Every structure is written in C-alpha cells, then in structure tokens.
Amino acid sequence: MLELLNAYDCKNCLLKKPIIRGRKVKKGEFYKISEIFIISNNKILVTLRAANKKTDPDRWDIVGGHVKFGENSRTTAVREMKEEIGLDVKTKDLIKLQTLPLGKFYSDMFLIEGEYDLYSLVLQKEEISDAKFVTVEELKDMLQSNEFSENLTFRIHQCLSKIVEHIYR
C-alpha cells in the first residue's frame with residue numbers, strides 16, 4: 001500500500017501535493033518527520049527499534065514518524081505516540097523545540113512532559129522492541145557510545161540544551 005506524505009519546499013512551506021514514501025524525492029521537494037522527546041520524572045523516553053526495521057534495526061531511537069499527506073507535524077506527533085507506545089496526548093501539550101533541515105527532509109522536534117509509567121506503555125512490536133526512561137547523563141552516555149543512528153545523534157545534540165533547560169527549570 002502506498003503511503004502519501006506531505007511535500008514541502010526548500011523554505012519548509014507546504015506544497016499541497018503528496019510525495020510517495022520510499023520513492024525518490026524530486027529536486028526542490030522535501031518531506032517532514034515529527035519526533036518527540038517524552039519526559040517523565042525528569043527522564044527521557046528512548047525506544048529500541050525492532051530488529052526487522054529496514055533502517056537502523058536494534059538502535060535506540062525516540063518516538064516519531066513521517067508526516068502523512070493532509071496531516072501537520074503536531075497531529076503526526078500525537079498519532080505516532082498513540083501508535084508506537086499507546087500514549088494518548090493532546091496537540092496543545094506538545095512544546096515545539098525546533099525544525100531541523102536534514103537533506104531531503106525536515107524534522108519537527110517536540111517535547112512533552114507528563115506522568116508516564118513505562119509499564120503502562122503499549123509497544124508496537126513491529127516498530128519497537130523495548131523502551132526505557134533515561135536521565136540526561138545516561139542520554140549523553142548513549143550518544144557518546146553511538147547507541148543512536150548518526151542522524152538522530154545530530155538531531156538530539158541540536159535539542160539537548162533545550163531539553164536540559166526544560167528538565168532543570
């Protein structure tokens with residue numbers, strides 16, 4: 001089944017036409033992903049990608065996914081949290097950290113904070129094989145040990161000061 005994504009221009013403006021996921025993106029067109037730092041009790045949720053994933057299997061990750069055609073990055077973040085970990089949240093509770101341009105896509109980075117219990121999460125086994133909450137120091141150690149993909153490591157580093165500021169405010 002074809003998955004349609006929103007197309008954006010080089011200035012991150014919506015083009016009102018779809019891109020087919022997995023196909024080569026045309027020159028001047030970009031797609032978008034939403035990624036969410038989920039904070040509970042001053043710890044950050046990280047998820048382990050399932051072994052069957054095409055890209056970065058068995059690597060640590062954060063919840064997120066592609067912005068589908070007709071969605072915006074906030075509704076995508078809410079949908080992905082529900083699909084991947086069974087967490088029901090509202091778009092108004094998301095704090096946008098920043099948008100990062102990365103090659104042929106943009107990443108809208110969000111943060112959400114709440115009282116979340118690891119054992120009440122329902123992991124989507126096709127996507128995620130494990131999850132844990134880590135402290136900022138543990139996250140930094142994981143980054144140093146290359147436990148995330150190179151691209152995600154870059155994105156986390158770009159948001160780390162805002163995450164730390166939020167946690168220790």
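The following dialogue explains how terms are applied to a predicted model.

User: What kind of model is this, and how are residues numbered?
Analyst: This is a predicted model, in which local features need pLDDT of at least 70, side-chain atom pairs count only at pLDDT 80 or more, and totals for chains, interfaces and linings use all residues. Residues are numbered from 1 along each chain as its sequence is written, and side-chain values use heavy atoms, with hydrogens and water left out.

User: Why is helix H2 called roughly antiparallel to helix H3?
Analyst: Helices (H or I, at least four residues) and strands (E, at least two) are DSSP runs, numbered from the N terminus. H2 covers residues 136-144 and H3 covers residues 150-167; they pack at an angle of about 170°, with their axes 11 Å apart. The axes are lines fitted to C-alpha atoms, for helices over the stretch in contact, and angles run from 0 to 180 degrees between N-to-C directions. Angles under 35 degrees count as roughly parallel, over 145 as roughly antiparallel, 65 to 115 as roughly perpendicular and the rest as oblique. H2 is therefore roughly antiparallel to H3.

User: Which residues make the contact between H2 and H3?
Analyst: Contact means heavy atoms within 4.5 Å. On H2 the residues are Val-136, Leu-139, Lys-140 and Leu-143, and on H3 they are Thr-153, Ile-156, His-157, Leu-160, Val-164 and Ile-167.

User: How many residues of the contact of H2 with H3 are nonpolar, polar and charged?
Analyst: There are 7 nonpolar, 2 polar and 1 charged. In this division Ala, Val, Leu, Ile, Met, Phe, Trp, Tyr, Cys and Pro count as nonpolar, Asp, Glu, Lys and Arg as charged, and the others, Gly among them, as polar.

User: Why is Thr-153 called buried?
Analyst: Buried means under 20% relative accessible area, exposed over 50%, and partly exposed in between (1.4 Å probe, protein chains only). Thr-153 has a relative accessible area of 12%, so it is buried. This residue of helix H3 is in contact with Leu-143 and Phe-148, leaving aside its neighbours within four places in sequence.

User: What makes Leu-152 count as buried?
Analyst: Its relative accessibility is 1%, and Leu-152 therefore counts as buried. Leu-152 is found in helix H3 and touches Glu-35, Trp-60, Asp-61 and Ile-62, not counting residues up to four places away in sequence. The C-alpha atoms of Leu-152 and Glu-35 are separated by 9.9 Å, although these residues are 117 residues apart along the chain.

User: How do you know that the span of H1 agrees with its number of residues?
Analyst: The expected span of a helix is 1.5 Å times one less than its number of residues. For the 13 residues of H1 (residues 73-85) that gives 18 Å, and the end C-alpha atoms are 18 Å apart, so the two agree.

User: What is found at the start of H1, and what follows H1?
Analyst: At the start of H1, a side-chain oxygen of Asn-72 reaches to within 2.9 Å of the backbone nitrogen of Arg-74. H1 is followed by Gly-86, whose phi is positive, near 70°.

User: Which elements cover the buried residues of H1?
Analyst: The cover includes strands E3 (31-40), E4 (43-49), E6 (63-66), E8 (105-113) and E9 (128-134). Among the buried residues of H1 are Ala-77, Val-78, Arg-79 and Met-81.

User: What makes the pair Glu-71 and Arg-79 a polar contact?
Analyst: A polar contact is a pair of N or O atoms within 3.5 Å; within protein, one must be able to donate a hydrogen and the other to accept it, and residues adjacent in sequence count only if both atoms are side-chain atoms. The side chains of Glu-71 and Arg-79 make such a contact at 2.6 Å. Glu-71 lies in the loop between E6 and H1 and, with a relative accessible area of 19%, is buried.

User: Why is Ser-107 called buried, and which side chain does its own side chain meet in a polar contact?
Analyst: At 0% relative accessibility, Ser-107 counts as buried. Ser-107 lies in strand E8, and its side chain makes a polar contact with that of Glu-35 (2.6 Å).

User: Why does Asn-42 count as partly exposed?
Analyst: Its relative accessible area is 38%, so Asn-42 is partly exposed. Asn-42 lies in the loop between E3 and E4 and has a positive phi of about 65° although it is not a glycine. Most residues other than glycine have a negative phi.
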